[in-house]
Amino acid sequence: MARIKEVRDERNPGEELTVNGWVRTRRDSKQGFAFIELNDGSCLGNLQIVVDQETKGFAESTKEITTGAALTITGTLKESPGKGQRVELHASELKVLGTADPETFPLQKKRHSFEYLREIAHLRPRSNTFSAIARVRNAASAAIHNFFQERHFLYVHTPIITTSDCEGAGQMFRVTTLDLARLAGIQTEIDYSQDFFGKAASLTVSGQLEAEIYATSTGPCYTFGPTFRAENSNTTRHLAEFWMVEPEIPFFDLNDNMQLAQDFIKHVISHVLETCAEDMEFFNQRIEKTVLETLQHIVDHDFERVSYTDAIEILTSSKKEWEFPVEWGHDLQSEHERFLTEEHFKKPIILFDYPRTIKPFYMRCNDDGKTVRAMDVLVPRIGEIIGGSQREERLDVLEARMKECDLDPEEYWWYLDLRRYGTVPHAGFGLGFERLIQLLTGMQNIRDCIPFPRTPKNAEF
Ligand code: 4AD
Ligand code: MG
């Protein structure tokens, strides 16, 4: 058995082989031939199968060879006179493994809207766009591991179930085995000591706090896993379940961190452009006409580094009408971020030194008493793709910050121990993997950049 990618790229006329796949289209000629476009998901291109009355199994199953049917075919490769393909398979034998009733099969040949395809997320990977996204996700994942492995970072598996709220925004999904319905009826306050873990537990919003443990023990490390946020934001950039890449590096400051973030993004883009050329060409033609140009531009230029305070200055002195007001001390909105990266600097930018009041407790405090050593990487079309910081390594400052953020230092005793024993300057960041896939593919909606999106009121499949 050969995968279709291998047949299209590497096999030669004269070879006899067997392929398996699903029918994309079928066209019959008046001379009794049929041309079947077969795809098995290994690449964007189909394999053209030429079938005739001599093909064993064709006559008896001809009615079953419709879009979506699964076939296994044996034949001989021939040079193809057709455009866009080197070879085609002349079938000697054909067998229908699974039929797809044309009356009901939801993925007919015509173009479907992405909204409709989301409703059939179990079948959409059989379409060109979604199989291409799956391959780009795969290549980007491999590039991420390569980048860190080449630099001798340790891949650490941080827990999914957690009892600490890393970002402190109270957006956590609770994990419980308690009978909530019964409890709701008889109690106002839930006694979590009765629960499975003996305390309130949730799905993690970030692996950072645990990554810091390994960074300050075994050296540079990274996590790459699912994270969960119960944000009620119905935007094209938010998911309730998304994957995050979080490197954490000891003996590292914010400038080192910015350089790493830039090298990292460039590496992943270059790898995908190189290994997914056919899929990327497809995205550029069919999804977003500027995607290849944008990505090449990112690879070829340094990111601009701008302080939050300077960014506020740029925004207020621009003549733009904003939907959300710009004011020092407020978080930037998507419209502000996109203006800075798309219109003002026209390339990725790294904003740093944000007001402490809008950032989490663990970021290192600057001497000005107003800002922390935070950094956000903003890219065209997406806005924020990375959030990171240098971490507060001073025990007393960290404890004071926790109290300021209404956190109980006792609950973070293990995190504080890292500062109590052998504390070192360290830094890291988190990259939203689906936002990276949006950047790479040009897809408008983040829900199309993960196989099975979880968003408010939606967790089918
Ligand atoms: O900026 P965030 O909240 O940073 C952290 O979680 C840090 N603990 C990371 C670290 O320093 N180790 O999230 C990091 C990135 C964002 O820049 C964004 O790309 C992505 O995660 N992200 C989301 N992606 C999809 N849906 C959501 N709801 C997201 N929230 C954040
Ligand atoms: Mg952020």
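How many nonpolar, polar and charged residues does the lining of the second largest pocket have, by class? In this predicted model, that lining has ten nonpolar, 17 polar and twelve charged residues. The volume of the second largest pocket is about 990 Å³. It is lined by 39 residues, and Arg24, Ser127, Asn128, Phe282 and Arg286 are the closest to its centre. At least two lining residues come from each of strand S1 (16-28), strand S2 (34-39), helix H3 (114-119), helix H4 (128-150) and helix H8 (277-286). Helix H8 gives the largest share of this lining, with five residues.

Two or more lining residues are contributed by each of strand S11 (241-250), helix H11 (334-344), strand S14 (371-379), strand S15 (383-390), strand S16 (426-432) and helix H14 (433-441). Strand S15 accounts for the largest share, five residues. Sorted by class, the lining of the largest pocket consists of 18 nonpolar, 15 polar and 15 charged residues.

Strands S1 and S2, which each supply at least two residues to the lining of the second largest pocket, also belong to a barrel. This barrel is closed by five strands in the order S1-S2-S3-S5-S4, with mixed pairing. From one strand to the next, the twist averages 55 degrees. The pairing of S1 with S2 is antiparallel and extends over six bridges. Across from Leu38 in S2 stands Val23.

The cysteines were examined next. The structure contains zero disulfides. For Cys276, the nearest cysteine sulfur belongs to Cys43 and lies 12 Å away, and Cys276 is in no disulfide. Cys276 has a relative accessibility of 6% and therefore counts as buried, since the buried class covers values under 20%. Cys405 is likewise in no disulfide, the nearest cysteine sulfur being that of Cys365 at 8.7 Å. A disulfide would require a pair of cysteine sulfur atoms within 2.5 Å. With a relative accessibility of 30%, Cys405 counts as partly exposed, because that class lies between the 20% limit for buried and the 50% limit for exposed residues.

Technical notes: Residues numbered from 1 in each chain as written. Chains lettered and ligands numbered in written order. Predicted model: local features only at pLDDT ≥ 70, side-chain atom pairs only at ≥ 80, totals over all residues. Heavy atoms only, no water. Helix = DSSP H or I, 4+ residues; strand = E, 2+ residues; numbered from the N terminus. Nonpolar A, V, L, I, M, F, W, Y, C, P; charged D, E, K, R; others polar. 1 Å grid on protein atoms, 1.4 Å probe; cavity = no way out; pocket = protein on both sides within 12 Å on 5 of 7 lines; lining within 4 Å. Points joined across faces, edges and corners; volume = space filled by probe spheres on them. Buried < 20%, exposed > 50% of the residue type's maximum accessible area, 1.4 Å probe, protein only. Pairing = 2+ DSSP bridges. Axes fitted to C-alpha atoms, helices over the stretch in contact; angles between N-to-C directions.
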